[in-house]
Amino acid sequence: MEAVTEVHVSEPGLVVVDIAAADDETAFAFHAALEARWATTGVERTTRELGQSGVRLRCYLDLRQPLAGPCGTAEP
C-alpha cells in the first residue's frame with residue numbers, strides 16, 4: 001500500500017482506514033458499513049501482500065460529515 005501522506009490527515013476529522021480481512025467479501029462488507037455512516041472514498045479492489053494471509057483494503061473517511069441515522073437522516 002502507498003504511504004499515508006500529510007494531505008490524507010491534514011485536518012481534524014480526516015481518517016485513513018486500513019482494513020485487514022480474511023477475504024474480499026469481508027473487506028468490502030466492512031467498507032460498506034463505514035460508507036453507510038460517513039463520507040468515504042470508493043474502493044475497487046483489495047491487495048494481497050506476499051507472505052501475509054488475507055487481503056488489505058484502504059479507504060479514507062471524512063468524519064466531519066454528519067452521521068447517517070435511521071433511514072439515512074442526519075443524527076442530531
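In this predicted model, the side chains of strand β3 are divided between two directions: V55, L57, C59 and L61 point one way, while R56, R58, Y60 and D62 point the other way. This is the pattern to look for, since in a regular strand the side chains alternate between the two faces of the sheet. Residues on both sides of β3, from V55, L57, C59 and L61 to R56, R58, Y60 and D62, are buried. With 8 of its 8 residues (55-62) buried, β3 is therefore largely enclosed by the rest of the structure.

Strand β1, which spans residues 14-21, runs antiparallel to β3 and is joined to it by 8 bridges. Within this pairing, R56 of β3 is the bridge partner of A20. Strand β2, made up of residues 39-40, also pairs with β3 in the antiparallel sense, here over 2 bridges. On this side, A39 has D62 of β3 as its bridge partner.

The relative accessibility of T46 is 14%, and because buried means under 20%, T46 counts as buried. A polar contact of 2.5 Å links the side chain of T46 to the side chain of D24. Leaving aside residues up to four places away in sequence, T46 touches D24, A27 and F28, together with V55, R56 and L57.

Note on methods. Residues are numbered from 1 along each chain as its sequence is written. This is a predicted model: local features need pLDDT of at least 70, side-chain atom pairs count only at pLDDT 80 or more; totals for chains, interfaces and linings use all residues. Side-chain values use heavy atoms; hydrogens and water are left out. Buried means under 20% relative accessible area, exposed over 50%, partly exposed in between (1.4 Å probe, protein chains only). Helices (H or I, at least four residues) and strands (E, at least two) are DSSP runs, numbered from the N terminus. Two strands pair if DSSP finds at least two bridges between them. A polar contact is a pair of N or O atoms within 3.5 Å; within protein, one must be able to donate a hydrogen and the other to accept it, and residues adjacent in sequence count only if both atoms are side-chain atoms. Contact means heavy atoms within 4.5 Å.
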